[in-house]
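Welcome to this guided tour. Keep your viewer open and your selection tool ready, and we will go from stop to stop together.

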Amino acid sequence: MFKVAIENDINARHPMDLRYMKFVRLMLRMIDSWPHQQLRDSQPVRFRDSRFLFIEGAGVGIGGLFYVRSHYKVLPFLEIGQTYLTIFLSIVATQRVTIAWFKSFREVITEFVLKIHLFYFRHKTKHTENVYQRINRLCSISVAFVAVEVTIGVFLFNLMPFLNNYKKGMFNQELPIGKVFEHSINYSLPYVDCYTNLIGYIVMTLINIICSYDCGMFFSGVDVCIAVIVFHIWGHLKILDHRLRTFPTPVQMRGHQSGDPGDDLMYTKEENMKAAAMLKDIIEYHGMIMRFMTKTSEAFGPTLCLYYVFHQVSGCILLLECSSLDPESLGRYAGLTVALFQLLIQVSVIVELLGTQSETLKDAVYSMPWECMDTSNRRTVLFLLHNVQEPIRLKPMGIVSIGVQTMATIIKTSFSYFMLLRTFT
């Protein structure tokens, strides 16, 4: 499947001709987050306006709060914990609907599609073409994997309540005494009986399927967008690292093989001018990466902060729900637990690539033949060395750096809170 997609991408004339970019656009269009006007692209999807999606997400959260208010005294925590989880999911989903309302987000997506995408750099050298092809494969696999994972997670999330209702005999002509319908998302709504009435159950089940599907789109759409952008920034860093390490020496600039006798060890005046132009181009390239990274951090900052807080809370709740180890709980929550933890790990590991790759730039700059340059170019190299000292990281709102260390802290804390809650339940 991936070979077919890559073969079809060979003739692409624009980044949006690539398969994975089309899928990213589709996912963002489904949550009304694609900058149609700035890119002069396809029109928004009907009935997917962000205002209606915001009302939908807020409605799920408010309905869940009313359910908790009326049932927290009569239901054990393990049963009502699902509602706590859906409330937190709705909060994150509602916030992600609003991300497209901000100019910073639209500018980041527009600049990425029109300027930053590696498609515009692929033909410069053989190395940039190789990096582009590698990033293309990574993005294709990542997008397909997340799409399949979210689809399975949403399917299992809605399937298990249906199977539980079937086992309890809730679809018989006469309902079992003392039994109520089980839903994937619980509400307390006035004038609506969805727990003892079959018609109300069917209507609410259809609504829950739509809401859970939209929630999956909110999570996967933004996560995939972040992953694709980070992969391309990582590719730019690899290109920059290669340019620094292959900076031509005086011998190479004259077209000779390294080690040939009779060649001077210093650049000539004309060669220093060429080296100065190359250094200027490298500094501008590094500045472009840094500026775009700053814009990306600002655009996705609130989303990532709330996202990590959500994982901190939801992680211990999901572990607690799965701790009973009965088939019903595992069937209902195991898939969702794996999906959410995988999304956390995936985003953290992908973003960690930036810090790891940017760390190599310090050695790459120092490995340049600066000792062969004149004083002016040496000062330029020193300026560049100073600029690459700080690793390039995604630091939302300037609070904490996104990466493997933060992810490990969240997972460890979730397990600690889970053990604490386990002692009380």
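Let's begin with the second largest cavity, which has a volume of about 60 Å³ in this predicted model. To see what surrounds the space, select Asn 158, Pro 161, Phe 162, Glu 182, His 183, Ser 184, Tyr 201, Thr 205 and Asn 208, the residues that line the second largest cavity. Helix 7 and helix 8 are the elements that give two or more residues to this lining.

**Next stop: the largest cavity**

How many cavities of 30 Å³ or more does a search of the whole structure find? The search finds four. The largest cavity holds about 340 Å³ of space. Which helix supplies the largest share of the lining of the largest cavity? Helix 8 does, with seven residues. Colour this lining by class too, and you will find 15 nonpolar, six polar and two charged residues.

**Over to a pocket**

Now move to the second largest pocket, where about 320 Å³ of space lies. Select Asp 32, Trp 34, His 36, Pro 44 and Arg 106: of the 17 residues lining this pocket, these lie nearest its centre. Helix 3 (36-39) and helix 4 (50-71) each supply at least two residues of the lining. Helix 3 gives the most to the lining of the second largest pocket, with three residues. By class, this lining has six nonpolar, five polar and six charged residues.

**Zoom out to the whole chain**

What do you find when you count helices and strands? The chain has 13 helices and zero strands. Along its principal axes, the C-alpha trace spans about 100 × 50 × 35 Å. The chain has 425 residues, and 50% of them count as buried. Look also at contacts between residues at least 6 apart in sequence: 72% of these join residues at least 24 apart.

**Into the nonpolar core**

Time to look at how nonpolar residues gather. Select Val 228, Ile 229, Leu 244, Phe 300 and Met 368, which have the most contacts inside the largest nonpolar core, a set of 117 residues. The largest share of this core, 21 residues, comes from helix 8 (residues 198-245). Stay with Met 368 for a moment and show its neighbours. Leaving out residues up to four places away in sequence, Met 368 touches Leu 244, Phe 247, Leu 279, Met 373, Val 381 and Leu 384.

Pick Ser 297, which sits in helix 10 (residues 269-322). Is Ser 297 buried or exposed? Its relative accessible area is 11%, and below 20% counts as buried, so Ser 297 is buried. Draw a distance line from the C-alpha atom of Ser 297 to that of Gly 315, 18 residues away along the chain, and it spans 24 Å.

Next, pick Arg 69 in helix 4. Is Arg 69 buried or exposed? With a relative accessible area of 64%, Arg 69 is over the 50% cut-off and therefore exposed. The C-alpha atoms of Arg 69 and Phe 54, 15 residues apart along the chain, are separated by 23 Å.

**Last stop: annotated regions**

To finish, bring in the UniProt record. Its unreviewed entry places the feature "transmembrane region" at residues 52-68, 74-93, 141-163, 189-210 and 216-235. Select residues 52-68 to begin: this span is 100% helix and 0% strand, and its end C-alpha atoms are 24 Å apart. Then select residues 141-163, which are likewise 100% helix and 0% strand, with end C-alpha atoms 33 Å apart.

Definitions and conventions. Residues numbered from 1 in each chain as written. Predicted model: local features only at pLDDT ≥ 70, side-chain atom pairs only at ≥ 80, totals over all residues. Heavy atoms only, no water. 1 Å grid on protein atoms, 1.4 Å probe; cavity = no way out; pocket = protein on both sides within 12 Å on 5 of 7 lines; lining within 4 Å. Points joined across faces, edges and corners; volume = space filled by probe spheres on them. Helix = DSSP H or I, 4+ residues; strand = E, 2+ residues; numbered from the N terminus. Nonpolar A, V, L, I, M, F, W, Y, C, P; charged D, E, K, R; others polar. Buried < 20%, exposed > 50% of the residue type's maximum accessible area, 1.4 Å probe, protein only. UniProt positions renumbered as here; feature names shortened; annotations may be inferred. Core = buried A, V, L, I, M, F, W, Y, C linked by side-chain atoms within 4.5 Å. Contact = heavy atoms within 4.5 Å.
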